[in-house]
Amino acid sequence: MSFFSLLGAVEIGLIFSLVALGVFISFRLLRFPDLTVDGSFPLGGAVCAILISTGTNAWVATLAATAAGAVAGLITGWLNVKLKIMDLLASILMMIALYSINLRIMGKSNTPILAKGTIFSSVSHMTGLPQSTVAIILGIVLAVAIV
């Protein structure tokens, strides 16, 4: 395994740790079996990718992606509270719906943003650190802040 493969594995692990924390918080702390997180993370990615590919600032795109994920969670809560759908079923319905919504938002199955500026590239430009190092540092900071 090369050093770059190791860095990539650490980056992906930190990203998935945020998903695991989201599931843990809803299952254990809130006692609400919420699977919406499986669809809301890709929703945020889809919203962010579309906004970045159209030239929106990466920070604004990330805030919009966060808001989109929050709206998905709010809809799950609304399905549960107002329509009296069981919590697990409401989250499964939302998770399944979000896969179609993600495809509708992007208009296709993949939206490349390799040549566009992201949060990692802007922080890398400000600090002079490589983007892989910036991704790892930001992932650790986010995971620690959530914990």
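Start with five helices: α1 (3-29), α2 (37-53), α3 (58-81), α5 (119-127) and α6 (131-146). Each gives at least two residues to the lining of the largest pocket. Helices here are DSSP runs (H or I, at least four residues), numbered from the N terminus. This is a predicted model: local features need pLDDT of at least 70, side-chain atom pairs pLDDT 80 or more, while totals for chains, interfaces and linings use all residues. Residues count from 1 along each chain as its sequence is written, and side-chain values use heavy atoms, without hydrogens and water.

Select Ile 15, Leu 18, Phe 41, Gly 45 and Thr 62. Of the 48 lining residues, these are the closest to the centre of the largest pocket. A pocket is an open set of points on a 1 Å grid where a 1.4 Å probe fits, with protein on both sides within 12 Å along at least five of seven lines; lining residues have an atom within 4 Å of a point. The space is about 1800 Å³, counted as that filled by probe spheres set on the points. Now colour α1: its eleven residues are the largest share of the lining.

**Helix α3**

Move to α3, with 24 residues. Which of its residues are buried (under 20% relative accessible area, 1.4 Å probe, protein chains only)? Select Ala 58, Ala 61, Ala 65, Ala 68, Gly 69, Ala 72, Thr 76 and Leu 79. The buried residues of α3 pack against α2, α4 (87-106) and α5.

**The ring pair**

Finish at Phe 3 and Phe 4. Their ring centres are 6.2 Å apart and their planes at 65 degrees, so the pair is edge-to-face (centres within 6.5 Å, planes over 60 degrees apart). Both residues are exposed, meaning over 50% relative accessible area.

Key:
Phe/Tyr/Trp six-rings, centres within 6.5 Å; stacked < 30°, edge-to-face > 60°. Expected span 1.5 Å × (residues − 1). Contact = heavy atoms within 4.5 Å.
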